[in-house]
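Hi everyone, thanks for coming. Today I'd like to talk through some charged side chains and who pairs with whom. Let me put the structure up.

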Amino acid sequence: MTTATATIRERRSFPNGNFNNAQMEVLKIFNNDFTDDQLSRLRMVLVKFLNEMVQEEITRKLSAGELSLESIQNPEMHYRSKTATV
C-alpha cells in the first residue's frame, strides 16, 4: 500500500481525515513497546470496557421500552431497527 492509499483510507475512516481526542489517546497507549502478554491483557481490558458500554445501552433501551427481552431472544426479529428488512 502506498502512502497516498493509506492517506485516502485514513480520510474515509475518520471525519475530515483527523483523529478525535479519544482516538488520539488510544494511539498514544499503543505507541508503547508492549509485549504480547501485555497486549493480550490490554485487549481484555478494552473488551471488558466495551461490554460494559453495551450492557448499559441494553439496560437503557429496556427501561425506555425501545427494546424487549423477547426481541433479543427471537432470532427472527431484527435487533437494529423495527423497519429493517432481510
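First, what do I mean by a salt bridge? I'm counting a side-chain nitrogen of Lys or Arg that sits within 4 Å of a carboxyl oxygen of Asp or Glu. The general idea is that side chains of opposite charge can pair when their charged atoms come close. And keep in mind that this is a predicted model.

Let's start with K28 and E25. Their side chains meet in a salt bridge, at 3.2 Å from N to O. Both residues belong to helix α2, which covers residues 21–30, and they are three residues apart, about one turn of the helix. E25 counts as partly exposed, because its relative accessibility is 43%.

Now look over at helix α3, residues 36–64. E57 and R60 both lie there, again with a spacing of three residues, or about one turn of the helix. These two form a salt bridge, and their closest N and O atoms are 2.8 Å apart. Buried or exposed, or something in between, for E57? Partly exposed, at 34% relative accessibility. R60 comes out as partly exposed too, at 41%.

Next is K61, which forms a salt bridge with E66; here the closest N and O atoms are 3.5 Å apart. K61 has a relative accessible area of 27%, so it is partly exposed, and E66, at 42%, is partly exposed as well.

Here's the bit I like: salt bridges that share partners join E57, R60, K61 and E66 into one network. That's me done, thanks!

Definitions and conventions: Residues are numbered from 1 along each chain as its sequence is written. This is a predicted model: local features need pLDDT of at least 70, side-chain atom pairs count only at pLDDT 80 or more; totals for chains, interfaces and linings use all residues. Side-chain values use heavy atoms; hydrogens and water are left out. Helices (H or I, at least four residues) and strands (E, at least two) are DSSP runs, numbered from the N terminus. Buried means under 20% relative accessible area, exposed over 50%, partly exposed in between (1.4 Å probe, protein chains only).
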